[in-house]
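Please consult the sequence and the model shown below while reading.

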Amino acid sequence: MSESPMSDKAVLSCRNLGKSYEEGPESVQVLANLQLELLPGERVAIVGSSGSGKSTLLNLLGGLDTPSQGSVWLAGEELSALGERARGLLRNRALGFVYQFHHLLAEFTALENVCMPLLIGRTPIPEARERAEALLKRVGLGHRLSHKPAELSGGERQRVAIARALVNRPGLVMLDEPTGNLDHHTAQGIQELMQELSSASRTAFLVVTHDLNLARQMDRVLRLEDGHLVPI
Ligand SMILES: Nc1ncnc2c1ncn2[C@@H]1O[C@H](COP(=O)(O)OP(=O)(O)OP(=O)(O)O)[C@@H](O)[C@H]1O
Ligand SMILES: [Mg+2]
């Protein structure tokens, strides 16, 4: 296990991160020698063309995929040094993750989907329901609590996924295209929620987006280009 190279306050850091995929005899290097550090309360946007590796990067940083090179530290813990179970517990405690394709549980209602991370973390059911309901109301879905994902619009599903990522009050939330299906007004509401949580609770946000209006409102914008992150 190597020691975190950067600030000990960082909620997320990575060093020399690389990812390549073997395609038959060829190896495709998607990310190479990539560095990143996120401090509490920081809001960082990642932009980049389609196929540049943004989802790949988020999956590595969130411990959903393993790097070909380099290391990731989440809440001070090196992901590769943890077993699968410990990594799962760390992710449940320290990280909220909004997938590009939301990944809600189809057989559960919006409210149950949002309760899930709390129930996994053994929060009592009444408290879990109360917190989940409050967050769903905050993202404008108070009237859709008992709808299942198939009964929700694309933008509504995205907002359920955002509520689910926030419900455990993690120190860091990663979002992959969170506003892709949202109109300007609703997207702005999500932006304001991130701003509020970052200043009130020092929650850090790492957001992949094509929405330049959203990106410009963050503290930093980085472009993923040729496998590296470049400040813009
Ligand atoms: N499992 C895999 N095997 C082989 N190649 C892959 C695999 N997953 C992703 N890739 C390739 O890696 C590159 C980056 O993919 P990724 O999904 O990270 O892009 P992205 O920047 O998120 O794109 P988008 O903006 O379209 O979501 C793509 O060229 C993709 O084809
Ligand atoms: Mg993607």
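Buried means under 20% relative accessible area, exposed over 50%, and partly exposed in between (1.4 Å probe, protein chains only). This is a predicted model, in which local features need pLDDT of at least 70 and side-chain atom pairs count only at pLDDT 80 or more, while totals for chains, interfaces and linings use all residues. Residues are numbered from 1 along each chain as its sequence is written, chains are lettered from A and ligands numbered from 1 in the order in which they are written, and side-chain values use heavy atoms, with hydrogens and water left out.

**Magnesium site**
- Ser 55 (OG) and Gln 100 (OE1) coordinate the magnesium ion (ligand 2) at 2.1 to 2.4 Å; donors are N, O and S atoms within 2.8 Å of the metal (3.2 Å for Na, K and Ca), and water is not among the atoms, so sites may look incomplete.
- Ser 55 lies in helix 1 (residues 54-61) and Gln 100 in the loop between strand 6 (95-98) and helix 3 (110-120), so the pair ties together parts that are 45 residues apart in sequence.
- Helices (H or I, at least four residues) and strands (E, at least two) are DSSP runs, numbered from the N terminus.
- Ser 55 is partly exposed, at a relative accessible area of 23%, and Gln 100 is partly exposed, at 33%.

**Helix 1**
- Six of the eight residues of helix 1 are buried, including Leu 57 and Leu 58.
- Gly 63, with a positive phi near 75 degrees, follows helix 1.
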